[in-house]
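Hi everyone, thanks for coming. Let's get the structure up on the screen and walk through it together.

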Amino acid sequence: MSILVGKDTKVLIQGLGSAGKFHTQTMIDYGTQLVAAAHPGRGGTAWQGVPVFDTVQQAVRATGADASCIFVPAPGAADAVLEAAEAGIRVVVCITEGIPTLDMVTVKHRLDPEQTVLIGPNCPGIITPGECKLGIMPGPIHRPGRVGVLSRSGTLTYEAVDQLSRLGIGQSTCIGLGGDPVKGLDFTDGLALFEADPDTDGVVLIGEIGGQAEEEAARWIRESGSKPVVAFIAGRTAPPGRRMGHAGAIIAGGKGTADQKIEALEEAGIAVARSPAEIGERMKDALAA
Amino acid sequence: MKIHEYQAKEILSRYGVAVPDSRVAATPDEAEAAAEKLGGRVVVKAQIHAGGRGKAGGVALVDSPARARQMAEDLLGLPLVTHQNGPRGQVVRRLLIERAMDISRELYAGMVVDREAAGIALILSGEGGMEIEQLAMSRPDAILRARVHPVGGLMPYQIRQLAFQLGLDKQQVQKAVEFLGAMVRAFIDLDTSLVEINPLVLTRDGDMLALDAKLNLDDNAAFRHPDIAALRDVEQEEPAEVEASRHDLSYVRLDGNIGCMVNGAGLAMATMDIIKLYGGEPANFLDVGGGTDAARVAAAFKIILSDPNVKAVLVNIFGGIVRCDVIAQGVVAAVEEMGIEVPLVVRLQGTKQGEGVEILKESKLDIVPAETMKEAAELAVKAAGGAL
């Protein structure tokens with residue numbers, strides 16, 4: 001098993017621009033069950049053998065799609081997220097980068113977390129190795145297994161997954177939470193899902209500077225976690241007040257430093273890798289303990 | 001994106017935020033004329049994108065147009081160095097000449113996106129003029145907060161609750177309801193990431209005014225506000241960072257000597273961290289982004305090498321969307337064009353890795369290959385220390 005997506009997940013694509021088409025092709029090649037696409041004005045056509053609809057509502061009614069992957073450009077992306085959620089899509093993955101922060105504030109207030117799980121925005125997506133890939137991550141580095149991965153980063157996640165796979169440690173599900181300050185699924189949500197998943201034995205958590213999500217994760221693990229967690233926090237050398245690429249990666253008002261996060265995680269008994277090259281090894285140790 | 005104080009005040013006043021009478025001056029003549037026109041005592045304020053101007057000598061109360069002129073001659077065209085803007089400072093091109101206020105009390109008002117609550121927070125304090133971060137640490141009880149709803153905004157009762165708590169009288173509370181209500185409307189309407197009024201002053205005449213104003217626009221929302229985006233003043237920014245943003249590269253200059261080129265912000269930060277772990281110091285953060293082509297790689301190289309402190313360059317790529325062969329072509333083209341004189345360590349992993357490594361090998365250039373991130377960091381640190 002896995003969390004959120006698997007081989008039975010029926011996937012819809014929103015936004016058939018060139019990036020959307022390119023990445024969706026890699027998802028099809030991976031074996032993801034693509035059932036429909038939604039692109040306003042292209043209803044009634046077909047792409048790669050699946051029907052294209054004008055609205056998500058039409059697509060859901062006709063195909064029973066229950067997960068969506070959004071490639072809609074930033075100005076329309078918040079709209080696309082709510083369109084999917086309000087059409088009844090269960091898992092909404094938003095890849096789009098550069099969405100205005102106040103748009104995401106509106107999305108968060110309209111979204112019913114009981115009905116919809118939002119992943120992202122500005123994220124690589126979610127993958128259950130060997131079953132379903134919803135996103136832009138390179139499929140071949142993953143292998144099926146029993147370790148969950150939660151990360152605020154993209155390529156650093158690939159680095160960690162690659163280390164795990166080379167050590168023979170497969171993954172149940174890997175989720176990129178995204179680099180924006182206001183986003184959907186957070187560490188604590190993901191940790192709760194992995195805790196409840198009988199086929200996940202441990203979790204790799206990759207955080208970075210900015211915000212309080214890692215501190216909240218530490219609190220959650222201390223109170224409710226039973227499975228081993230290994231963490232890495234990027235940005236120990238980042239200067240305060242400077243945005244390090246991601247809109248959310250900024251140390252502001254003396255808060256959100258890597259050292260504060262590492263301390264909180266270690267106090268909760270979590271093994272924190274000091275080097276990004278040792279994430280896989282630390283997980284191997286944790287599983288053997 | 002930051003804008004100048006005089007621009008922030010002009011924009012906020014359109015929403016009903018009260019500001020003192022003022023004029024903008026770009027020459028000593030204009031400064032003198034502005035002080036003349038305003039009459040009486042005026043405050044002359046250097047316009048740069050940094051705080052700490054007062055302590056640095058960039059703000060002064062003067063009692064005559066002649067003194068305003070003198071102040072303009074001393075400040076205009078020269079860099080002003082404050083504790084916030086580093087050793088080089090920022091050049092003063094404009095002054096804000098403002099009528100001096102008869103102040104009875106200084107407060108603080110700020111608004112930011114509260115990421116944990118996925119909302120907007122209003123922050124108020126009776127301690128105006130202080131840096132709010134310092135106040136938050138030394139006296140957290142002196143800071144009052146209210147939650148701004150993305151749809152309903154800020155209700156008057158919320159402002160009344162806080163204002164009475166600060167000891168304002170009935171008339172002042174009414175002023176606060178108007179002032180802060182206007183500030184909230186501006187914040188939401190303009191997609192700002194920060195609005196800060198510090199100090200927010202009460203005058204002896206019973207007015208409430210913004211004595212200083214800071215307004216930062218959410219870069220992601222710039223497309224919705226072309227008029228404000230046009231106010232970007234690139235002269236106030238680090239030249240290499242401006243050049244990087246022209247090429248869609250995310251670059252932050254640091255103090256070390258190992259130049260870094262990485263794809264992805266998280267991996268770029270982790271690369272800086274691992275360099276430090278092996279005893280080196282990163283010269284920069286640089287994320288080449290997702291849809292990178294050879295031209296962008298070349299631009300990235302130019303920017304990294306424009307820093308004279310760089311003694312070695314580390315390229316760390318985990319190819320996902322980015323293909324290693326494309327990166328390798330870009331690296332080879334850049335080295336051939338620019339003739340890099342410092343050691344270059346390249347680690348390529350992921351999509352089209354084999355092809356990428358082959359391109360580097362065939363180029364016969366002096367490139368040090370590395371297989372893992374650890375090896376790459378160790379080699380780069382050695383190289384920067386002259387041991388390679």
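Okay, charges to begin with: chain B carries 41 positive and 54 negative side chains, and the centres of the two sets sit 3 Å apart. Here Lys and Arg are positive, Asp and Glu negative, with His and the chain ends not counted; each charge is placed at NZ of Lys, CZ of Arg, CG of Asp or CD of Glu.

A word on the ground rules. This is a predicted model, where local features need pLDDT of at least 70 and side-chain atom pairs count only at pLDDT 80 or more, while totals for chains, interfaces and linings use all residues. Residues are numbered from 1 along each chain as its sequence is written, chains are lettered from A and ligands numbered from 1 in the order written, and side-chain values use heavy atoms, leaving out hydrogens and water.

Back to chain B: we have 13 helices and 18 strands, these being DSSP runs (H or I, at least four residues; E, at least two) numbered from the N terminus. Its C-alpha trace spans about 80 × 50 × 40 Å along the principal axes. Of its 388 residues, 54% are buried, meaning under 20% relative accessible area with a 1.4 Å probe, protein chains only.

Now hop over to chain A and strand β5, residues 67-70. Ala67(A) and Cys69(A) point one way, Ser68(A) and Ile70(A) the other, and all are buried. In a regular strand, side chains alternate between the two faces of the sheet.

And what does Ile70(A) stand opposite in β6(A)? That's Cys94(A).

Methods:
Buried < 20%, exposed > 50% of the residue type's maximum accessible area, 1.4 Å probe, protein only. Pairing = 2+ DSSP bridges.
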